Amino acid sequence: EIQSPSGIIHLLDEESDFPKGSDSTFLAKVSSVQKNNNALSSLKVGKHDFELTHYAGKVSYNVNGFLAKNKDTTSTKDAIISILLSSRNKFIRKTVSKLSMKRGKPLTVGTQFTNQLNLLMKEINSTSTHWIRCFKPNDTKTSNVIDKQCLLSQLAAAGLSETINIRQIGFPIRISQKTFTSRFKPIVSDLVATNSMNDMCQQLDLQTFEYRIGMTKIFLKLEAKKNLDKRLSEIFELACTKIQKVTRGFLERRRLHRLKNAINVIGSRYKALIIGRKARFCYVKMRNRIILIRSFFRICL
């Protein structure tokens with residue numbers, strides 16, 4: 001009800017325009033206009049107080065200084081303009097006076113907030129939003145301190161506690177029958193081909209209270225889904241172990257085969273080298289003997 005004529009922000013801006021408006025008249029106007037509003041049922045908390053019921057609980061407000069803060073007479077812009085208007089330079093005073101005349105009526109804090117909120121909602125509505133819920137760990141703004149009661153009250157105010165309870169009682173997991181069959185088929189190695197989801201669930205050892213079958217989807221309890229995922233994870237882990245075993249065996253056998261071939265090549269070349277050296281040694285020895293015999297015969301002749 002931000003833009004409602006009977007809204008609190010609109011009434012505050014309206015009261016700020018009246019010369020004789022005050023915080024007390026604003027409170028009286030709110031009490032008169034919003035007397036049938038359940039969110040403002042506790043208006044008589046104090047002489048200058050009223051109480052609003054937000055989604056997170058009841059919040060008390062004190063109206064002292066509401067109008068002055070809403071008018072924002074001590075804003076930075078107004079202070080700068082007043083300083084410039086008091087300048088001794090005629091050109092500056094003339095220029096600032098023209099600018100201040102063009103500014104028109106200054107916007108109140110409530111109007112600025114409303115305009116910013118409208119721009120924000122326009123931006124949000126033009127996009128695909130993804131909300132992130134944030135919770136205060138404690139009311140004292142202390143680091144590394146978690147107040148369980150504070151968190152529980154916020155969960156209850158946001159409606160998450162009821163949502164969690166409903167999801168635990170019902171069947172929160174909703175999967176299409178085609179996806180369910182293809183995903184959990186590896187759990188049963190000897191799965192019998194069937195078009196019946198009941199037969200499929202029985203082969204997966206699901207109890208009757210753990211699932212419900214719809215027209216196109218199957219609804220599961222959270223614990224049933226966790227058990228199926230655990231069994232599927234164990235099967236995948238076993239399959240990965242077998243694949244690793246076979247792959248490592250293949251790689252090691254190939255490495256061993258290459259190592260044997262390399263050893264055979266080195267051995268054959270080493271043998272060839274040794275045989276070649278022996279043959280060369282025999283050749284040199286025989287040639288030296290022949291030379292010796294020829295020289296002996298030449299001496300004799």
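1. Asn144 is found in the loop between H6 and H7, and in this predicted model its phi is near 60°, a positive value in a residue other than glycine. Lys141 is found in the loop between helix H6 (109-125) and H7 as well, and Lys141, although not a glycine, has a positive phi of about 55°. Most residues other than glycine have a negative phi. As to solvent, Asn144 counts as exposed because its relative accessibility is 82%, and Lys141 is likewise exposed, with a relative accessible area of 82%.

2. Two charged side chains, those of Lys136 and Asp139, meet in a salt bridge with an N to O distance of 3.5 Å. Lys136 counts as partly exposed at 46% relative accessibility, whereas Asp139, at 55%, counts as exposed. Lys136 is also one of the residues in contact with Gln154 once the neighbours of Gln154 within four places in sequence are left aside, the others being Cys134 and Phe135. Gln154 itself lies in helix H7 (residues 148-158). Is Gln154 buried or exposed? With a relative accessible area of 18%, Gln154 is buried, since the cut-off for that class is under 20%.

3. The structure holds 5 salt bridges, and one of them joins Arg183 to Asp229, with the closest N and O atoms 3.3 Å apart. Arg183 lies in helix H9 and Asp229 in helix H11 (residues 222-300), so this pair ties together parts that are 46 residues apart in sequence. Arg183 is partly exposed at a relative accessible area of 39%, and Asp229 is partly exposed at 24%. A further salt bridge is formed by Arg231 with Asp205, where the closest N and O atoms are 4.0 Å apart. This pair links distant parts of the chain, with Arg231 in helix H11 and Asp205 in the loop between helix H10 (197-203) and E4, 26 residues apart. Arg231 is partly exposed, with a relative accessible area of 28%, while Asp205 is exposed at 55%. Salt bridges that share partners also join Arg183, Lys225 and Asp229 into one network.

4. The sheet deserves a separate look. An open sheet of 3 strands has the order E3-E5-E4, with antiparallel pairing. Which strands stand at the edges of this sheet? They are strand E3 (173-176) and strand E4 (211-213), each with a single partner strand, so one side of each is left without a neighbour in the sheet. Neighbouring strands of this sheet are turned by 20° against each other on average, direction ignored.

5. E3 pairs with strand E5 (residues 217-220) in the antiparallel sense over 4 bridges, and Arg174 has Phe219 as its bridge partner in E5. On the other pairing, 3 bridges join E4 to E5, which run antiparallel, and the bridge partner of Ile213 in E5 is Ile218. E4 and E5 form a hairpin, with 3 residues between them.

6. In a regular strand the side chains alternate between the two faces of the sheet. Helix H9 (residues 177-184) lies across E3, E4 and E5, and runs at about 90° to E3.

7. On the surface, Ile80, Leu84, Phe91 and Ile92 form a nonpolar patch with about 370 Å² of accessible area together. Helix H4 (76-85) and helix H5 (90-103) each supply at least two residues of this patch. Ile92, which lies in helix H5, counts as partly exposed because its relative accessibility is 30%.

8. For the overall picture, there are 11 helices and 5 strands in the protein, and buried residues make up 18% of its 301 residues. The accessible surface of the protein comes to about 24000 Å², of which 60% belongs to carbon and sulfur atoms. Among the contacts with a separation of 6 or more, 45% are accounted for by residues 24 or more positions apart.

Key:
Residues are numbered from 1 along each chain as its sequence is written. This is a predicted model: local features need pLDDT of at least 70, side-chain atom pairs count only at pLDDT 80 or more; totals for chains, interfaces and linings use all residues. Side-chain values use heavy atoms; hydrogens and water are left out. Patches are made of residues with over 30% relative accessible area and no salt bridge: like charges are joined within 9 Å, nonpolar side chains (Val, Leu, Ile, Met, Phe, Trp, Tyr) within 5 Å. Accessible areas come from the Shrake-Rupley method with a 1.4 Å probe; for residues, only the protein chains shown count as cover. Buried means under 20% relative accessible area, exposed over 50%, partly exposed in between (1.4 Å probe, protein chains only). Contact means heavy atoms within 4.5 Å. Two strands pair if DSSP finds at least two bridges between them. Axes are lines fitted to C-alpha atoms, for helices over the stretch in contact, and angles run from 0 to 180 degrees between N-to-C directions.
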